Structure formats: C-alpha cells, structure tokens
Amino acid sequence: MKESEIDLTQTYDAIVVGSGAAGGMAAHVLTSHGMKVLLLEAGKKLDIEQELRSMEWPFDHPRRGEFDSQRIHHSAASLRTWI
Ligand SMILES: Cc1cc2nc3c(=O)[nH]c(=O)nc-3n(C[C@H](O)[C@H](O)[C@H](O)COP(=O)(O)OP(=O)(O)OC[C@H]3O[C@@H](n4cnc5c(N)ncnc54)[C@H](O)[C@@H]3O)c2cc1C
C-alpha cells in the first residue's frame, strides 16, 4: 500500500491526527505495543534528508569555518568587560 492510500475497510485500534512531535510519538508507542494505528497528516511530506537538520553533527554544517576567528575573539573580549 502506498503511503497516501488509506484502507478504509480496515478497522484501526487508534487514529492519530497529526504526525508532529506528539502524534508521531503516540503512533510509535501505540504501534510498538501491537496496535493498528491510522496516522493522518494534513501537511506536506518532508524530505527528511533535505529538511531534518537536528540530527546532523555540528561539524558537518555547510557554513562551518565561515566565522572570522578575530571577530569571535573580539566579541569574547568585549563580553569579559561586561562580566
Ligand atoms: C521554529 C520552531 C523551533 C522549535 N524548536 C524546538 C526545539 O528546538 N526543541 C523543542 O523541544 N521544541 C521546539 N519547538 C517546539 C516544538 O516544535 C513543538 O512544541 C512541537 O512540535 C509540538 O508538537 P505537536 O505534536 O503538538 O504539534 P506539531 O509538531 O505542530 O504537529 C501537529 C501536526 O498535525 C498536523 N495537522 C494539523 N491539523 C491537522 C488535520 N486537521 N489533519 C491532519 N493533520 C493535521 C500538522 O500538519 C502537524 O504535522 C520549535 C517550534 C518552532 C515553531
């Protein structure tokens, strides 16, 4: 069955509306306990390879190394005068 197809002849144990932080976790917990879950999501399908950045390592950041180390040093020195 394709992701976009819903089998309405199936009886589900639970229907979760929204696959966000709460709904995604709810669906995960319910299915991991063997329940048949229908998860409905109204938003667009995200390409997690392109859009989910939270699991990437900081050193893999595409802008790594762009900061001027002299500016950072100057900012740190300015901060010390405040403390
Ligand atoms: C810019 C930003 C940065 C954030 N950064 C952090 C962070 O670093 N750490 C952190 O802990 N929290 C962060 N948050 C907060 C966190 O994203 C929210 O607290 C969390 O997503 C709320 O979860 P939720 O499941 O309630 O809602 P959502 O994650 O918003 O999920 C709701 C889902 O339901 C879907 N939906 C809505 N209506 C329907 C419908 N009628 N039918 C089907 N689907 C529907 C939506 O498309 C969406 O996917 C951030 C929020 C924002 C906006």
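## A first look at the fold and its ligand

Arg 71 counts as exposed because it has 9 C-beta neighbours inside 10 Å; a residue is exposed at 12 or fewer other C-beta atoms within 10 Å of its own, buried at 20 or more and partly exposed in between, with C-beta atoms placed from the backbone. What you see is a predicted model, in which local features need pLDDT of at least 70, side-chain atom pairs count only at pLDDT 80 or more, and totals for chains, interfaces and linings use all residues. Residues are numbered from 1 along each chain as its sequence is written.

Let's start with the overall layout. The protein chain has 3 helices and 2 strands; these are DSSP runs numbered from the N terminus, with helices being H or I of at least four residues and strands E of at least two. Read from the N terminus, the elements follow the order β-α-β-α-α. The protein chain is more spread out than a compact globule, because its radius of gyration is 22 Å, well over the 12 Å that the globule rule gives for 83 residues. Here the radius is taken over C-alpha atoms, and the rule is 2.2 Å times the number of residues to the power 0.38. The C-alpha trace spans about 70 × 30 × 20 Å along its principal axes, and 4% of the 83 residues are buried.

Next comes the ligand. Its shell includes Val 17, Gly 18, Ser 19, Leu 40 and Glu 41, where a residue is near if its C-beta atom, placed from the backbone, lies within 6 Å. By type, the shell divides into 5 nonpolar, 5 polar and 1 charged; Ala, Val, Leu, Ile, Met, Phe, Trp, Tyr, Cys and Pro count as nonpolar, Asp, Glu, Lys and Arg as charged, and the others, Gly among them, as polar. Helix α1 (residues 21-32) gives the largest share, 3 residues.

Gly 34 follows α1 and has a positive phi, near 90°. Within α1 lies Ala 26, which is partly exposed because 18 other C-beta atoms are within 10 Å. Arg 71, in turn, belongs to helix α3 (residues 69-82).

Here are C-alpha separations for both residues:

| Pair | Apart along the chain | C-alpha separation |
|---|---|---|
| Ala 26 and Val 37 | 11 residues | 9.6 Å |
| Arg 71 and Ala 14 | 57 residues | 55 Å |
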